[in-house]
Amino acid sequence: MRMIWMKSDYVVPADTGGKIRTYNLMRELNRLCDLTYLAFKSTKSPNTEPEIVDCAGEVITEHKPEENKSGLGFYVRVLRGMASRLPYIVQKYRSSRIRKHQRDFVRTSGKSAVILCDFLEMAENVDWSLPCPKVLFQHNVESMIWDRYYQTEGNPLKRAYFDYERRRMSKYEAETCNRFDLVFAVSEEDKTKMREQMGVQTPIVVLDTGVD
């Protein structure tokens, strides 16, 4: 089996919960199959860290600077993005280059190819026409996070935006989960939410959190 693991950020250094989880899963999986890691990276440095070499036989990155989440430019981008059906976090990771790398991988891998999308924000880069299994790794139920932002926000303008974003995310998340062949959840609670509250019909497998 050959797998391409797509992620919105570079997994090294593993300094967040999502990165730690991904890093250890990839490290173990790389011993069992031919793994290619495809991700955005905020720097143009070579992908030669010992940690990344342990994670994948091939590492492909596209340079994407860290987003400045302050100032007029950021708010203009957010406001412009409100016209889209896509949640803002999904919009900002759309990339023709990522889609091309994915198609090239599947073309050279043949019937042994598997596409794994790590976190929902990369799902818009999946080429659904490709004839191979497609897996979504849900570290969170994203719409529930936006609902939490909405419930706890005191600023009326921010609360209105969070309400809009949680509704947009809820619709997108449910529709997208149902397009994949398999979804990984991190807990039985998340699996139940996806089944009962979002109407996800795709098979869901709970992959408990671990380190090594």
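User: How many disulfides does a search of the whole structure find?

Analyst: The search finds zero disulfides, a disulfide being a pair of cysteine sulfur atoms within 2.5 Å. For Cys55, which is in no disulfide, the nearest cysteine sulfur is that of Cys33, 12 Å away. This is a predicted model, in which local features need pLDDT of at least 70 and side-chain atom pairs count only at pLDDT 80 or more, while totals for chains, interfaces and linings use all residues. Residues are numbered from 1 along each chain as its sequence is written, and side-chain values use heavy atoms, with hydrogens and water left out.

User: What makes Cys55 count as buried or exposed?

Analyst: Buried means under 20% relative accessible area, exposed over 50%, and partly exposed in between, with a 1.4 Å probe and protein chains only. Cys55 has 0% relative accessibility and therefore counts as buried; Cys132, at 8%, is buried as well.

User: How do you know that strand S5 and strand S6 pair?

Analyst: Two strands pair if DSSP finds at least two bridges between them, and S5 (residues 134–137) and S6 (residues 182–185) have three, in the parallel sense. Within this pairing, Phe137 stands opposite Phe184 in S6.

User: Which strand do three bridges join to S6, and in which sense do they run?

Analyst: Strand S7 (residues 204–206) is joined to S6 by three bridges, and the two run parallel, with Val183 opposite Ile204 in S7.

How values were computed: Helices (H or I, at least four residues) and strands (E, at least two) are DSSP runs, numbered from the N terminus.
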